[in-house]
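Work through the exercises below with the sequence and the coordinates open. Try each task before reading its solution.

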Amino acid sequence: MKPTKLLKLVVLILILTGCANTTPIGAPGDATIENTSGPSVTVQSYPEPDPTMVTGPPTAYPTADSGYPVDSPPTGTVPYPPPGSTEQGTCTPLPADTERKEFLSNDSIALVGTFYPASECNAPVVILFHQFGSSKESFANLALWLQNRAEELSATNSGLQSSPIKQYAWFPRMPDGMSFNVFALDFRGHGESAERMEGYDSAGYLIDAQSALSLVKSLPNVSPGRIITIGTSIGADASLDACLLINGTQIDDFQLNQGCIGALSLSPGNYLGVSYIDVVTRLSELPFNVVVYCVAAELDGDSPALCGDNRPGKYVSTVYPGRGDHGIALLQENLTPDIGALILEFLLMSISSP
């Protein structure tokens, strides 16, 4: 490690040590978890940021007139790929208002998620996985950007929340006619999935993610063959692992029928006891052929190393130098490259990839 980087890490550790005498909410703690797909993996102990929970009244969602970056990607119409043999039959587009969904995980834990319907039938679906100690509400504004139907939402069902994360007026404008179904999950023991678990349940979180992947295939409007996942921290690992894993940490080719076409991880850390790099390698193989984006800050623990450049397949790595932002804290203005443009690039690559 270069002396400059080492000095920055030492200073960062001293600051964190001096600011608190207790471990912040969200630190999973060190734990070695059995990984059935390879050697055991030590889960990184990371004191995550204070959860971006709801603390205030709804606010107005920015419209196209709010102003977007001048160098935004082109905003022309981007048609979705034609439906394949696994697509649902004809359907009637749903209203824009969000829907609360209650369902059971594959191991019978009561879970809750929020569904944001797309403006078109058989549109792709994006599943959002939050970080430890947070909830699906931390993704409310990102979900509405992905849904791209803000002007249709009723005043009482905007889904917007006041949050330390600013409104996304600085995100690039979606291409005309582009609208995603979105499903934001509360992991067990978080948010509305209120059944409390004992300790840090890495295998349980993975089962929750897998269960959400199965659920969205049956939702109206959804193209079951075009599932995209995005997650932060534990959700960053879940977003990748859920595309390939079933029943805890067991890699299973059964996932070939799940229809995952893209996975984006913000600050992965092997938090679910599975090797991130091993899963990336498997997802690169045919017939999986999944688009994978990995995003991290240079000073954020193991995340930048996991987001290394030399990975196989349709893989893009972005590491922001000189920063220690973790998970959802990366969704902020003035990063280079722009994080909103990066997410849009990922989405376009996922839905257009053969």
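Buried means under 20% relative accessible area, exposed means over 50%, and partly exposed covers the range in between. By that scale Glu 192 is partly exposed, because its relative accessible area is 36%. The model is predicted.

**Exercise 1. The chain as a whole**

Task: state how many helices and strands the chain has, and what share of its residues is buried.

Solution. 
- Step 1. Count the elements. The chain holds 7 helices and 12 strands.
- Step 2. Take burial next. Of the 354 residues, 53% are buried.
- Step 3. The accessible area is about 14,800 Å², and carbon and sulfur atoms own 55% of it.
- Step 4. Check contact range. Among contacts with a separation of 6 or more, 76% join residues 24 or more positions apart.

**Exercise 2. Asp 107 and Arg 188**

Task: decide which parts of the chain the salt bridge between Asp 107 and Arg 188 ties together.

Solution. 
- Step 1. Confirm the pair. The side chains form a salt bridge with an N to O distance of 2.8 Å, inside the 4 Å cut-off.
- Step 2. Asp 107 sits in the loop between strand 3 (99-104) and strand 4 (110-116), and Arg 188 in the loop between strand 6 (181-186) and helix 3 (202-216), so the bridge ties together parts 81 residues apart in sequence.
- Step 3. Asp 107 is partly exposed at 33% relative accessible area. Arg 188 is buried at 3%.

**Exercise 3. Glu 192 and Lys 136**

Task: locate both ends of this salt bridge, then find the network that includes them.

Solution. 
- Step 1. Read the distance. The closest N and O atoms of Glu 192 and Lys 136 are 2.7 Å apart.
- Step 2. Glu 192 is in the loop between strand 6 and helix 3, and Lys 136 is in the loop between strand 5 (123-129) and helix 2 (140-147). The pair links distant parts of the chain, 56 residues apart.
- Step 3. Lys 136 is buried, with a relative accessible area of 3%, whereas Glu 192 is partly exposed at 36%.
- Step 4. Widen the view. A network of salt bridges links Arg 100, Glu 102, Lys 136, Glu 137, Asp 186 and Glu 192.
- Step 5. The chain has 12 salt bridges. One of them joins Glu 99 to Lys 101, with closest N and O atoms 3.0 Å apart.

**Exercise 4. Backbone exceptions**

Task: where do Ser 233 and Asn 270 lie, and which peptide bond is cis?

Solution. 
- Step 1. Most residues other than glycine have a negative phi, and most peptide bonds are trans.
- Step 2. Take Ser 233. Its phi is positive, near 60 degrees. Ser 233 lies in the loop between strand 7 (222-232) and helix 4 (234-241). Its relative accessibility is 0%, so Ser 233 counts as buried.
- Step 3. Take Asn 270. Its phi is also positive, near 55 degrees. Asn 270 belongs to the loop between strand 10 (260-266) and helix 5 (276-284). At 14% relative accessible area, Asn 270 is buried.
- Step 4. Find the cis bond. The bond from Thr 336 to Pro 337 is cis, with omega near 5 degrees. Pro 337 is in the loop between strand 12 (315-320) and helix 7 (339-352).

Terms used:
Residues are numbered from 1 along each chain as its sequence is written. This is a predicted model: local features need pLDDT of at least 70, side-chain atom pairs count only at pLDDT 80 or more; totals for chains, interfaces and linings use all residues. Side-chain values use heavy atoms; hydrogens and water are left out. Helices (H or I, at least four residues) and strands (E, at least two) are DSSP runs, numbered from the N terminus. Buried means under 20% relative accessible area, exposed over 50%, partly exposed in between (1.4 Å probe, protein chains only). Contact means heavy atoms within 4.5 Å. Accessible areas come from the Shrake-Rupley method with a 1.4 Å probe; for residues, only the protein chains shown count as cover.
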